[in-house]
Each structure stands twice: as structure tokens, then as C-alpha cells.
Amino acid sequence: MEKSELKEYRIIVLEVQQLKEQLLSLESSLYSPKGQRFTSTPRVPSGDRSTMDGAVARHVELERKYRETLAEKEAQQLAIEEAIQSLGDTPERVVMRERYISGKGWPAIINKLQRMGISERQVYRLHGLALLKLKEYSTASAMLWSTASILPLPSRNARNCLQPIRTWM
């Protein structure tokens, strides 16, 4: 999972909300009664229902597209949340949730974690380590889905750099 994908989370949330509103609007427009025009001249009912059929077909197609897009966006949202959840109960997960899920800025995150005994520099370090872990997580999950091969163990240096920071306890 890349940093750019994490930054898209807030946009995805807004798009999901907008699509749900559009679906509700679309449904209400289809089922709400239409106003009638009253004129002094009598109107002859036409037997041509093609305009109504076309409108319903366009409505159905638009609704299908909205639902497809909504499903894609919700899947992206879930993937980001699962990736962050994979960090476990660590300060790294707190940093990532605050930064990307809640959309908070660095001062608010630092303030919150300083109450837990974590310095400003450690917050940035935790963020960097979490990004490495998430990148490894997304690579591993992609490999699991694409092939049934056994994942190679990371190098000794990579394992050492991914060790959790123990100074926050």
C-alpha cells in the first residue's frame, strides 16, 4: 500500500457518500409523482410509450453504473482499512488511522501521541515504519492472490528496520 493510495481514502469516503446520495435522488425521482399540467384544451392520450420506455432504460442504466462505482469505491475503502488494521495494536496503527482515516494533521497526531509518551520525532519514524510495513503487506497479499508460491523471507536488514519501537511503553 503506497502513501498515495492512503491519501485517497478521504476522497473515496466523499465519493461513496455522494454516490449514495445520487442513488437516493435517482430513486426518489423515479417513484415520486409528477405534477400535472392543467390546460383548457383537451389532451388526446398518445399510444407512443417509447419516450417513457427510453427514460426508464436510461434510469436503469444510470443506477447500474452508480452501483458498480459504489461497489468499487467501497472495496478500495475496505482494502485501506484492512491494511491499516494489519498493523495490529501498535502506535504505528494509531498514527496511520489518525493521519489517513481521520484526516488529522501532524500537530494533532503528535499532540495525541505525546500524551502516550511518544516524541515528535518518534511519530514521524513510526509513520515511516508503518508505510514500509503496509507496502510489504500489500506486496504479500498481492502475491498470495496472484500465485500460490511461498513468500521469501525479508533480508536481515529489512527485518531489523521493521522491529517495533519499544520506547513508547
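**Helices and salt bridges in a predicted model**

Good morning. The protein chain exposes about 12,100 Å², and carbon and sulfur atoms supply 56% of that area. Please keep in mind that this is a predicted model.

Let me begin with the overall fold. The protein chain contains seven helices and zero strands. Read from the N terminus, the elements follow the order α-α-α-α-α-α-α. Of the 169 residues in the protein chain, 24% are buried. Among the contacts with a separation of 6 or more, 73% come from residues 24 or more positions apart.

I now turn to charged side chains. Side chains of opposite charge can pair when their charged atoms come close.

Arginine 64 and glutamate 68 form a salt bridge through their side chains, with an N to O distance of 2.2 Å. Both residues belong to helix α3, which covers residues 50–85, and they stand four residues apart, about one turn of the helix. Are these two partners buried or exposed, or something in between? Arginine 64 has 38% relative accessibility, so this residue counts as partly exposed. Glutamate 68 is likewise partly exposed, because its relative accessibility is 40%.

The next example joins two helices. Lysine 133 makes a salt bridge with glutamate 92, and their closest N and O atoms are 2.9 Å apart. This pair links distant parts of the chain: lysine 133 sits in helix α6 (residues 120–146), glutamate 92 sits in helix α4 (residues 91–101), and 41 residues separate them. Buried means under 20% relative accessible area. Glutamate 92 has a relative accessible area of 2% and is therefore buried. Lysine 133, at 22% relative accessibility, counts as partly exposed.

Glutamate 98 counts as buried because its relative accessibility is 9%, whereas lysine 104 is partly exposed at 34%.

Which residues do salt bridges with shared partners join into one network? They are Glu61, Arg64 and Glu68. Two of these residues, Arg64 and Glu68, formed the pair in helix α3 with which I began.

Thank you for your attention.

Technical notes
Residues numbered from 1 in each chain as written. Predicted model: local features only at pLDDT ≥ 70, side-chain atom pairs only at ≥ 80, totals over all residues. Heavy atoms only, no water. Buried < 20%, exposed > 50% of the residue type's maximum accessible area, 1.4 Å probe, protein only. Contact = heavy atoms within 4.5 Å. Areas by Shrake-Rupley, 256 points an atom, 1.4 Å probe, with all protein chains shown as cover. Salt bridge = Lys/Arg side-chain N within 4 Å of Asp/Glu carboxyl O.
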